[in-house]
Amino acid sequence: MTYDLIVVGGGPAGLAAACSAWEKGLKHILIVERDKELGGILNQCIHNGFGLHRFKEELTGPEYAGRFIKMLNDTGVEVMLDTMVLEINAQHQVHVISAAKGYEVLEAKSIILAMGCRERTRGAIGIPGDRPAGVFTAGSAQRYLNMEGYMVGKRVVILGSGDIGLIMARRMTLEGAKVLACVELMPYSGGLMRNIVQCLEDWGIPLYLSHTITDIVATNGRVSHVTVHKLDDKRQPIPGTNLEFDCDTVLLSVGLIPENELTRAAGIAMDPRTNGAIVYENMETSVPGIFACGNVVHVHDLVDYVSAESERAGAAAAAYVLNGVQQGNAITIVNGADVGYTVPQKIRVDNVPKAADIFFRVRRVFKDSVIEIKDGDRLVISYKREHMAPGEMEHIILPRKLLDTVTGNEITVSAREA
Amino acid sequence: MKELVCIVCPKGCRLHVDEENDYAVTGNSCPRGAVYGHNEIKNPTRVLTSTVRLEGGLYPRCPVKTDKAVPKKLLMDIMQELNHVSLHAPVEAGQVVLANICGTDANVVVTKNL
């Protein structure tokens, strides 16, 4: 049998994409998930704050996943758990392996990539010092603590002030650990203000901005001490500014990388700015019939946005299967001043219904400012913002009637002070 | 006078709350900031999320939360109470684990079917 759609990954992106494709009329849909349950990373994110946009209430991660799993259970979408996708290709074949069924090659009319992302590790950022036990990514510590029931340490230093690190600072404190410090390389935190307040300030945990760990010392194979230095504006340690911490655990919250081994091996065009696939307005990749959504495309701040993007991908996969290939010339979106990347990277104007959604991140903190869309030197539209920061994904809606006025084959998105 | 950063939206207004003047808020740029500043100084509350022991389930821990915000100063007391809880699978999201926890009128409830 040929599936209408195979979704790779059963986390929030895969769940929303599958539900949406079903609603739009696809009947033979399969989700392939490598873990033993659906829900992905939400299962270990037991804190609340999810769903404010989507459900207008504050849910925990498992509750948010539960809502979508319930929706999925009302459809005829098939699910393969404990199954790893080894390879996909441009012919829409999906190679999978599982202990229960061995090796299989599945065929599909369309594929949605929803593999999410994984954490940067110590190896990725090159911290000097010993290589002992006791150094964890914040997310793996979160899984140990919240799902498997292991306390990973008693005296903790956290490197990186991304949201997962902040959440783990509070979580470890609640469970009786002493969190000595949260150390951030940049002069601002990458986490939400809400998390700075509720996870650090509530518990008196100091946040050291423009600081980093410069040494990890081991005793008997376990972390026993770390040294932290203040950094100058070239991010070099300033001699004499060292802070010394006796601790048994270091948690790393130093960024996320979209998990795209399958994407690259399938020959899908990638964007070095996002480390995800280049996508069109409907989340289709450079290979027709293969779509991508969620954190595998670019790392989102809120799962609510992942769900919305994934529903667009699911609807687009349904349109592809039911109505055929999308055609039309594409405009490329170029990032201008102080814009790090955009998603989508390309827009086929003929396929845009009323407006195109464009997501991007700015490179620095802005107060009163404007976002400008330009066609060559001509200003197409501008948007006012009171506040922008690299940690907060920006979203603009570009009306079709303005897209129709674009004469060049690219438009530029840039940000500046008003 | 206490100073705090508003977390209602990403703008991050610096609020000043005057405890001697009925917790009057200044520095806010919207009414929601005034409400936040007032409550945050007068009676700060949080929803507590944690886990409890689970036997016979897919995992040995079951996620739980308080079904409404509880006074911040009681969070560690509630954590102590959760240490004594042991559930048996199956459990269902919404199931009450501890009612009226620590004299608040909040219940601790399961947040996942396991």
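# A walk through a predicted two-chain model

In chain A, strands β6(A) and β7(A) form a hairpin that has four residues between them, and in its turn A:His92 takes a positive phi of about 65°.

Eight bridges link β14(A) with β15 (residues 222-230) of chain A in the antiparallel sense, and A:Ile216 finds its bridge partner in β15(A) at A:Val226.

The helices of chain A can be read in pairs. Two packed helices are described by the angle between their axes and the distance between the axes. For helix α1 (residues 12-23) and helix α8 (residues 303-323) of chain A, the axes come within 7 Å and cross at roughly 40°, which makes α1(A) oblique to α8(A). The contact of α1(A) with α8(A) comprises 13 nonpolar, four polar and one charged residues. The crossing of α1(A) with α8(A) is right-handed. On the side of α1(A), the residues that meet α8(A) include A:Pro12, A:Ala13 and A:Ala16, while those on the side of α8(A) include A:Val303, A:Val306 and A:Glu311.

A second pair is formed by helix α4 (residues 138-148) of chain A and α5(A), which pack at an angle of about 40° with their axes 9 Å apart; that angle makes α4(A) oblique to α5(A). The crossing of α4(A) and α5(A) is left-handed. Helix α4(A) contributes A:Ala138, A:Gly139, A:Ala141, A:Gln142 and A:Leu145 to the contact, and α5(A) contributes A:Ile164, A:Gly165, A:Met168 and A:Arg171. By class, the residues of this contact of α4(A) with α5(A) are five nonpolar, three polar and one charged.

How many residues does each chain bring to the contact between chain B and chain A? Chain B gives 22 residues and chain A gives 22 residues. On the side of chain B that touches chain A, the elements giving two or more residues are β5 (49-55) and β6 (61-66) of chain B, and the residues of that side divide into ten nonpolar, six polar and six charged.

These two strands of chain B deserve a look of their own. Strands β5(B) and β6(B) run antiparallel and are joined by five bridges, with B:Thr51 standing opposite B:Pro63 in β6(B). Their hairpin has five residues between the strands, and there B:Gly56 takes a positive phi near 75°. Strand β5(B) is also joined by three bridges to β8 (residues 86-88) of chain B, and these two run parallel; here B:Glu55 stands opposite B:His88 in β8(B). Five of the seven residues of β5(B) are buried, so this strand is largely enclosed by the rest of the structure.

Chain B also holds an open sheet of three strands, in the order β1-β2-β3, with antiparallel pairing. Its edge strands are β1 (2-5) and β3 (24-26) of chain B, each pairing on one side only, and neighbouring strands are turned by 30° against each other on average, direction ignored. Three bridges carry the antiparallel pairing of β2 (residues 14-18) of chain B with β3(B), and in β3(B) the bridge partner of B:His16 is B:Thr26. Helix α1 (residues 31-42) of chain B packs on this sheet and touches β1, β2 and β3 of chain B, its direction making about 55° with that of β2(B).

Note on methods
Residues numbered from 1 in each chain as written. Chains lettered and ligands numbered in written order. Predicted model: local features only at pLDDT ≥ 70, side-chain atom pairs only at ≥ 80, totals over all residues. Contact = placed C-beta atoms within 7 Å. Nonpolar A, V, L, I, M, F, W, Y, C, P; charged D, E, K, R; others polar. Axes fitted to C-alpha atoms, helices over the stretch in contact; angles between N-to-C directions. Parallel < 35°, antiparallel > 145°, perpendicular 65-115°, else oblique. Left-handed = near helix turned anticlockwise from the far one by under 90°. Buried ≥ 20, exposed ≤ 12 C-beta atoms within 10 Å, placed from the backbone. Pairing = 2+ DSSP bridges.
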